[in-house]
Amino acid sequence: MPLARSLSATSLSGLEEWDEDFDLEDAVLFEIAWEVANKVGGIYTVIQTKARLTSEEWGENYFLVGPYVESNVRTQVELIEPTNPVMKRTIDKMNSSGCKIYFGRWLIEGSPYVVLIDVGFTAWSLDRWKSELWELCDIGVPWFDREANDAVLFGFLTAWLLGEYTAQCEDPPHVVAHFHEWLAGLGLVLCRQRQLSVATIFTTHATLLGRYLCAGNVDFYNNLAEFNVDKEAGDRQIYHRYCLERAAAHCAHVFTTVSQITAIEAEHLLKRKPDIVTPNGLNVKKFSAVHEFQNLHAQSKNRIQEFVRGHFYGHLDFNLDKCLFLFIAGRYEFSNKGADIFLEALARLNYLLRVNHSDVTVIAFFIMPARTNNFNVETLKGQAVRKQLWDTAQTVKERFGKKLYESLLVGQLPDISKMLDKEDFTIMKRAIFATQRQCQPPICTHNMLEDSSDPILNCVRRIGLFNSSADRVKIIFHPEFLSSTSPLLPMDYEEFVRGCHLGVFPSYYEPWGYTPAECTVMGIPSISTNLSGFGCFMEEHIADPSAYGIYILDRRFRGVDESCNQLTSFLFQFCKQSRRQRIIQRNRTERLSDLLDWRYLGRYYTAARHMALAKAFPDTYLYEPQEPTSTTGFRYPRPASVPPSPALSRHSSPHHSEAEDNDEEERYDEDLEAEKDRVNIRQPYTTPANQQLSMGGKKSGLLDFVEY
């Protein structure tokens, strides 16, 4: 589902149009990934959200290729007969040769065609293909690595599909095959080894070795040039996977990564400098009402508050109107995702709030899936008690209302002392007694299978944040992805994010970072790092990210303790903001949405395809590279209006004194700020002005690209 945004930021009128007069009628694009119609991780989001833009560009000549997973196909794919005669002949030929290939439309925006390969149906060929892989590439895949076995099957079947398609074409085709990640990379290697007439692109969203090294508490970025990559991969028993990834990177006509920080990593670990950086975007959908996202924030926040009322029943000694909701979400990688430094910063924040006698309460949610066997009984009981209290209050209200109505009917003012009788007080007393609780509110909402060794729970025990009444910081660990059908917290992820005040993602290893990007599109401030692709992207294009609600934590040039202190400072300053200041900041954050829209970031994928065509078919396509100029590009300025710091912002009350109204420095004009952003913004990346791609002697403007 596309993330929506309001009209407070309109189309970026300052963005230069890129000349697209490129003939794609005889070109065909195959995009191959293990996560096509198969949600495993973030690559699924990349492909799903980008599909509409790519379908508009390539039309009927765009095919996504992925694995056949029956449970996913039943809910996501409409199986149909191929309308393309070449594709139909290709699938029929492969099915008659012992394969099982399905064709259909993926039921997402753009409705792209999908070719789904049943890798299990051809598992009988695994040993033969492994032998062929060893003979061709000297890469041996162990029998016990099921994921690598799937990669072998998928790679050989993908290469077979592309080879059969080119063979079935009557005229020499211009095929572009875009492979994502190492699981699909073997197909690219085989295409080049078999000398198929295919232009190939390989995109790494995160290097295998980089992820493993960072998870092992290695000083990764300071030692990138020093690693013995073969030894490190062998020590972690992923050498065969690493070889598949590195081979794909070197065999591709065009090699891309999703961020500058990953480009540096790939150059050192995969030993090839990426040709283009292709940042990830989102589908940004506009609301019809201005600032509708602020209304959605209020609605979702109320739903989270209802959950909090139940979770903390018996200990609800804090003001929910002065309660801030923080969250971290993603794969359960304790160090890579920054959960360790976030917990330590929460402990320090708790100390600062207590010694400063702050009336603000912070509730931090950890949304990270872990092994559980069921909901926590105490957590479910809390929601039941909350519902019972609500029912009791409604019953008493109805009885009170009936007596008030009857009193007014006879023309008398009610006697307040007689409006509630003894039975009403008895009902209310029983409800109050039901809220008594002898234990502290639970940290975890589920029963953990590995409670004693869980990293988050062990860290909570060490820092001593047990949701006690004296603590100003509370922690809720929800070890399951959110769902609107949950009996505990019935909200989907988008609703939950909209209801929070701040997303905290202090990642040590994050090639891109969709979670802070989603926060930005929904107008929710977030904390990222200069080791994440998103953080580097924002630092490059915004003069002062914190003024727009994007806090960039320095984890590259500071030690862990210094970074933790900086994170604590960010959190403490955020807690000191008034409600009005937070509203102003959300407005600014939401205006950055256009920077993350696929309408603009998708052009770098287009540039990669054009470059691959020029390299694979030099007789047909001519490519004239030029050095990027430094005169183009843009950085968002710091807003000229009121900054978000508590010292200079206006009071949160809707009524202001004359002194405040006369203070020009505190004036805030939302429309003026939005207009400045619309006029000033330029293309997100530095782009050369005169790169050209010609086909058959006809010049056409190549979408500008940025080289790493």
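Colleague: How many disulfides does the count come to in this predicted model?
Modeller: A disulfide needs a pair of cysteine sulfur atoms within 2.5 Å. For Cys243, the closest cysteine sulfur is in Cys137, 9.8 Å away, so that pair is too far apart for a bond. By this rule, the disulfide count comes to zero.

Colleague: Is Cys243 buried or exposed?
Modeller: Buried means under 20% relative accessible area. Cys243 has 17% relative accessibility, so Cys243 counts as buried.
The value for Cys444 is 8%, so Cys444 is also buried.

Colleague: Is H12 oblique or roughly parallel to H20?
Modeller: Helix H12 (residues 339-355) and helix H20 (residues 560-575) have axes 8 Å apart and pack at an angle of about 50 degrees. Angles under 35 degrees count as roughly parallel, and 65 to 115 as roughly perpendicular. The angle therefore makes H12 to H20 oblique.

Colleague: How many residues of the contact of H12 with H20 are nonpolar?
Modeller: In H12 the residues in contact include Ile341, Phe342 and Leu349, and in H20 they include Val560, Leu567 and Phe572. Three residues of the contact are polar and three charged, and the nonpolar ones number 13.

Conventions: Residues numbered from 1 in each chain as written. Predicted model: local features only at pLDDT ≥ 70, side-chain atom pairs only at ≥ 80, totals over all residues. Heavy atoms only, no water. Axes fitted to C-alpha atoms, helices over the stretch in contact; angles between N-to-C directions. Helix = DSSP H or I, 4+ residues; strand = E, 2+ residues; numbered from the N terminus. Parallel < 35°, antiparallel > 145°, perpendicular 65-115°, else oblique. Contact = heavy atoms within 4.5 Å. Nonpolar A, V, L, I, M, F, W, Y, C, P; charged D, E, K, R; others polar. Buried < 20%, exposed > 50% of the residue type's maximum accessible area, 1.4 Å probe, protein only.
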